[in-house]
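Here is my note on strand pairing and salt bridges. Please read it beside the model.

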Amino acid sequence: MTAALFSLSIPAQDLRTEAARVARAAPPALREFRIDTGHSDVSFSIGFLGRAVKGRFDDVQGTLVYAPTTDGSPGQSAITVAIETNSINTGWKHRDDHLRSADFFDARKFPTIVFQSKSIRRAQNGFVASGPLTMHGVTRTIDIPFRPLRTKPLEDPHGSTLLAFGGTMRIARKDFGIVGGGKYNEWFDQLRSATMADTVDINIELDVWATDFSRDRRYDAALKRIAAEGVDRRVADARAAYAKDPKAFDGAEWEFSQIGAALIARGKGTDAVKIMKLSAELFPRSVAARAGLARAHEAAGEPVLARSLVAEALKLDPFHTRSLELRRRLGS
């Protein structure tokens, strides 16, 4: 329904001309990437009973902002990562249940581990991201050395740009109040407690992706129609369609977000605001829709409105990484 409402028949030559124009346009000041959870890995290893216990977290969400300077330095680039504590996986349910308990991570009370960079700087073998890590109710500033895992970005045939980064670090579990115990597992006795290492080695491999609107052709027709008829006309028609059939846009939130993002990529932040405002109206409980509208206001040079929407989004989900990253850029 969304594609039909915002699209019209356009000659192929016009589409090619528009795509070429977009490709020549100056890139936006920043570009947002999402962590690909299925192809990313946050794993750990800790000494125990004379050997290493290894595990990983299966649910890793995040937003990376790529905003380099002209000399290729990281500039204002940043990353925010949220890990679901309950997703810990060491390959044995009994041990995982114990680690989720109040003896260790206390996942019910502290459901999310969050890292947000405050700076990214060049280092001898790559880069270092510095910022607060919050885990088990404790926040400490840490440094994460990392490096690109590919020599250059990959452009997949679906119109996405793919980046990959890897890094390692070591943290002291007791710095975050994770001391262990046997209250929820009687087999975790003094011997086992005494052999558990004080430090944990962490390995991070993140794949991130972003739509490349100079190559993704799916929204060219919709953008052409907005340009030809005006965004106000398209939004009015969408509201009329929704009033006639409230189910007309079921499942269409992603399309709205992509059209809004494409407008931002073309330097049309004001038009993006109108599209994303409509999306927020149609999907009033969506954190992503509010964050998308906040991003549009940011692109349109309206930081006060953007900050207000970020606050609303974080009330719905305090760990929504795009909203957290927007708050970092905009200030509270």
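Predicted model: local features only at pLDDT ≥ 70, side-chain atom pairs only at ≥ 80, totals over all residues.

1. Residues are numbered from 1 along each chain as its sequence is written, and side-chain values use heavy atoms, with hydrogens and water left out.

2. Strand β13 (residues 199-211) runs antiparallel to β12 (residues 160-172), with 13 bridges joining them. S160 stands opposite T211. Strands are DSSP runs of E, at least two residues; helices are runs of H or I, at least four. Two strands pair if DSSP finds at least two bridges between them.

3. Strand β2 (residues 41-48) also pairs with β13, antiparallel, over five bridges. Here D41 faces E205. Strand β1 (residues 31-35) joins β13 through two bridges, again antiparallel. R34 is opposite W209.

4. The whole structure holds 29 salt bridges (a side-chain nitrogen of Lys or Arg within 4 Å of a carboxyl oxygen of Asp or Glu). E32 and R295 form one at 3.8 Å. It links β1 to helix α9 (residues 287-299), 263 residues apart. Both E32 and R295 are buried (under 20% relative accessible area; exposed is over 50%, partly exposed in between; 1.4 Å probe, protein chains only).

5. D198 and R173 meet at 3.7 Å, N to O. D198 counts as partly exposed because its relative accessibility is 45%. R173, at 6%, counts as buried.
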